[in-house]
Amino acid sequence: MTKNIKSITNPKLKLEILTPEEISKIHDATLWIIEKVGVRFPSERALDIWAANGAMVDRDRKIVKVKGELIDSAMKKCPPAYLLGARDPNQDLPLDGNHVFVGTDGCGVEVIDINTGLRRTSKLDDIRDIARIADATEEVAFHWVPVSAQDTPIETRGLYEIKSIWENSTKHVQTESIYKESEAKAAIEMAAIIAGSKESLRKRPVLSLMQCTAPPLGHDGGSLDAALLAAEAGIPTGFMTMAACLTTGPATLAGTLAVGNAEVIAGTALLQLAYPGAPVFYAAAQTASDLRTGAYTGGGPEDFLFGAATNVLSNFYNIPLSMGSFATGAKEPNWQAGIENSLSTFMASIVMSDMLLGVGFLHGSRIWSYAEMMMDCEIFSIIHKTMQGIVVDDESLALDVIAKVGPSGNFLTQKHTRQHMHDLFLPEFMDRRPYNEWESKKDGACDWALSKARNILAEHQPDPLDPKISMEFNKIIKSLQA
Amino acid sequence: MSEELFKKMAQSIIDGDSEAALMLAKDSIRDNINPLDAITKGFVVGVNTVGAAFGRGEAFLPELVMAGEAMKAAVSVLDPELKKRGTERKMLGKVVIATVEGDIHEIGKSLVATMLGASGFEVFDLGVDTPSDKIIGKALEVNADIIAMSALLTTTMVKQREVIEELEKEGLRHKVKVMVGGAPVTRDWVTAIGADGFSEDAIGAVAIAKQFMGVE
């Protein structure tokens, strides 16, 4: 096991959500979309690369139409497996198709303050605190930038954010909030300092980059330029589609899968054409828009199905997947949050999605809650346990023990029980107390989860980052400020 | 005769059928029906029907948007005819709407624009990545009652503040109401930048705009 990191591996449970025929139908539809409808690439550099490779490029509309063969041959250059490096090499994460890792969710704008319980605008110190707690929490394998550091300068905000995480945790950092060439360049420089050199960064990339697409069928110019820089440096890069039924995708799930797939695959192929063999991943968080408001829902049966179907697609292209799970639309940790986060994470886990994003948010990834973070971690632990399935062998059938106890006895005093009792899951936040005890205290999961987070924050001392490195980071950041 | 046509007009909106609405509007001009009547006795009845069904939870957002689009199609034919006759449709107010500079995420903004248009506002949609001075310039040009701005990123959201600051600097702030929206926009942000209102969805945005204009 990786140091202080829990991951799902060698699962016993399986699910066939799409047949091979259905997958190839979605793939064909995707190629048709890219060739006939086209995808928008508002970056001169990206358009040049497409043009040089023989794609049809409309410079005015910045729309590229690409033949299926070119997409297919580019996608074959993607490495199927690689490592996400961590500041502590014992926490490197193999993206090999046989591990499911969870990260903190990202892009939040508000935080429920860990001390006052009041909701307020997110700031840099919140990133520090969340990173420290995540560092100590075994369910969290890597970081996204959890919330926006809204008290830092805009042009270097993304750099302050990753600096803060590296200063407070030894685990891998994946940023989703760097979408400009200048910031990406500086971030890569910072990552190379942590890794020791540009070459070692390539071998053990301590940073990965996630870029959002602009659905339907578009990309953001800054994101494309940042992604190309990252791919050049060997930093794992993924494009995330958040295509949503009704608004940015068709009302039907298959159609929305195809639209999102076209965005991701076209972007990924571009990186492979520019830098063959660059480490890439598929990223997705498709959903269905709310029928009444059109809003992002953050949960529901459509999300659960997308969660399982997308890994089938990324497996088809033989690249790792970073999948949106958790991220409930609920306003507080409650029934809705429990259902949405459990089912979305279960469905994405049962197909072995490599990375799951992520723990900690309410209101569709907008409001950070420390209690929700800890409860999400327990949800992952429950699924982790469930995925191990039921072992059937002589030891687990325990016939000799059954015979020994016989009718009307009990198993509490058996040696076999002592040997295996810790195989059973012991929840931290489920209330299994006698009713009377609950009635006298009226406390529960939220209280316990919050107090766990508070204790970690008070007590956990992460392995510090060399202050000299922090100084160098400051210099890099300052050099970018006007 | 025209009663029958008015009914068909309302139905074309209820069905969200832009092509039918366009044809019916053209028919009404051919038959020399007062374009103002075509709008108020025909098409608007359809908009109100869908709006009421939405309010009761019986119609859904796509139906509302399609009704708005069909209304837009009809009005595109009838408005020039109104001008020719020297009359004007009474609008609730003028709205300049845009996604701010540096931001290309416009689906929410476009939804708000459609809903405002369907609700009787005159809407000037400047699209995405719109510099602050362009937003203000357009508002001055058309003598807008409302400026509406969207942003999806915390790094572009600050442009909403910039527009308000510019308006203040130019002494224009009192002339126009400002409403903002987008996923990262919170009540705290709205208070901090001194905007007049915000909404988390398109329906709410129409309510705020109407409130600004003192209707309903």
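Colleague: How many residues of domain 1 of chain B are in contact with domain 2 of chain B?

Modeller: This is a predicted model, where local features need pLDDT of at least 70, side-chain atom pairs count only at pLDDT 80 or more, and totals for chains, interfaces and linings use all residues. Residues are numbered from 1 along each chain as its sequence is written, with chains lettered from A and ligands numbered from 1 in the order in which they are written. The assignment for chain B, automatic or from a database, gives domain 1 (2-84) and domain 2 (93-212). Counting a contact when C-beta atoms, placed from the backbone, lie within 7 Å, domain 2 of chain B brings five residues and domain 1 of chain B brings seven.

Colleague: Which helix gives the most to that side of domain 1 of chain B?

Modeller: Helices here are DSSP runs of H or I, at least four residues, and strands are runs of E, at least two, numbered from the N terminus. With six residues on the side touching domain 2 of chain B, the top contributor is α4 (residues 61-84).

Colleague: Is Phe326(A) buried or exposed?

Modeller: Phe326(A) has a positive phi, near 50°, though it isn't glycine, and sits in the loop between β16 (321-324) and α11 (335-350) of chain A. Buried takes 20 or more other C-beta atoms within 10 Å of the residue's own, exposed 12 or fewer, partly exposed in between, with C-beta atoms placed from the backbone. Phe326(A) has 30, so it's buried.

Colleague: And Asn143(B), buried or exposed?

Modeller: Asn143(B) also has a positive phi, near 60°, in the loop between α6 (132-142) and β3 (146-150) of chain B. With 9 other C-beta atoms within 10 Å, Asn143(B) is exposed.

Definitions and conventions. Contact = placed C-beta atoms within 7 Å.
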